[in-house]
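Please read the following note alongside the sequence and the model.

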Amino acid sequence: MSHLFISDLHLSPDQPELTRLVTDFLSQQKNLESLYILGDIFNTWLGDDLVLPEYYSFMDSLLKLRSQGCKLYLMVGNRDFMLGKDFAESVGAELLPDAIVHTFNNTPVLLMHGDSLCTDDVSYQRYRKVVRNRFLQWCFLHLPLSFRQRISDKIKDKSKDKKQYKSTAIMDVNPDAVVRSMHKHQTTILLHGHTHRPAIHHFESNSQPYYRIVLGDWHDSPSFLMLDEGKFQLVDPRLEQTLTLNLPA
């Protein structure tokens, strides 16, 4: 039985071909023990009470996997942070907090979306703290759809403008933040998305080897990480070859 990890699908009603790509990919998966989607499933999410018909086929593919005995785990990202338990339950999934440790082959692995690790982007971290405020989220979800859409559009426009003036280094994870998170959760393997830079990074801290696996985003080809028989395999069209990492025996 295998474990499948994906993130940053950025599904949108304006890109039906992307939804078909994801749905077709999921329908081909067999003998999965679990599927993890670590944030930014949707490019925008205005509330669990506003599920668009364009997403029904994707939801059906999740329900089909669940009916086959696959455990489903979802995590919110920086785009779909308003996604809640109602949606997760509608597809038979569990909504995970960011961050959380799950154990595979007796090895603890830290799972995150990844945006909280980009601490050099100070303005974004301020914004993140505001939009994750539970009271403000409650207020947002009680607004009419037109108001929610207007607020979301303004936020996205401002985000695009700011990104034009930010270096790629600022928008990547901070190495110290990575080490702090891994030490806090007592893990040597971290798995996250968000940065859209698929890779397996190796580094050392106090003579101890650590590994950071970064999931890729989806465009016209699947990007995923598979754990099977104690080996991680990272597959992404931008990589020259499949990257692997063996878990301790």
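1. D98 has a relative accessible area of 25% and is partly exposed; buried means under 20% relative accessible area, exposed over 50%, and partly exposed in between, with a 1.4 Å probe and protein chains only. D98 is found in the loop between strand 4 and strand 5. Helices (H or I, at least four residues) and strands (E, at least two) are DSSP runs, numbered from the N terminus. The C-alpha atoms of D98 and D86 are 18 Å apart, and 12 residues separate the two along the chain.

2. This is a predicted model, in which local features need pLDDT of at least 70 and side-chain atom pairs count only at pLDDT 80 or more, while totals for chains, interfaces and linings use all residues. Residues are numbered from 1 along each chain as its sequence is written, and side-chain values use heavy atoms, with hydrogens and water left out.

3. Some backbone geometry deserves attention. Most residues other than glycine have a negative phi, and most peptide bonds are trans. The peptide bond between D98 and A99 is cis, with omega about 25 degrees. D40, although not a glycine, has a positive phi of about 55 degrees; D40 lies in the loop between strand 2 and helix 2 and is buried at 1% relative accessibility. N105 is likewise not a glycine and has a positive phi of about 50 degrees. N105 belongs to the loop between strand 5 and strand 6 (107-111) and is partly exposed at 43% relative accessibility.

4. How many aromatic pairs does the count come to? The total is 15, where rings of Phe, Tyr and Trp (its six-membered ring) pair if their centres lie within 6.5 Å, and planes under 30 degrees apart count as stacked, over 60 as edge-to-face and the rest as tilted. One of the pairs joins F25 and W218 edge-to-face, at 5.3 Å centre to centre with 80 degrees between the planes. F25 lies in helix 1 (residues 16-27) and W218 in the loop between strand 9 (208-214) and strand 10 (224-228), so this pair ties together parts 193 residues apart in sequence. Both F25 and W218 are buried.

5. Y36 and F104 also form an edge-to-face pair, 5.8 Å centre to centre and with 75 degrees between the planes. Y36 is in strand 2 (residues 32-38) and F104 in strand 5 (residues 100-104), so that distant parts of the chain, 68 residues apart, are linked. Y36 is buried at a relative accessible area of 3%, and F104 is buried at 3% relative accessibility. Ring pairs join F5, Y36, Y73, F104 and F232 into a cluster.

6. The largest nonpolar core has 37 residues, of which L9, L35, I37, F42 and F58 touch the most other members. Such a core is a set of buried Ala, Val, Leu, Ile, Met, Phe, Trp, Tyr and Cys residues joined through side-chain atoms within 4.5 Å. Elements that each supply at least two residues include strand 1 (2-6), helix 2 (56-67) and strand 3 (71-75). Helix 1 gives the most, with 5 residues. In soluble globular proteins, nonpolar side chains tend to be buried together.
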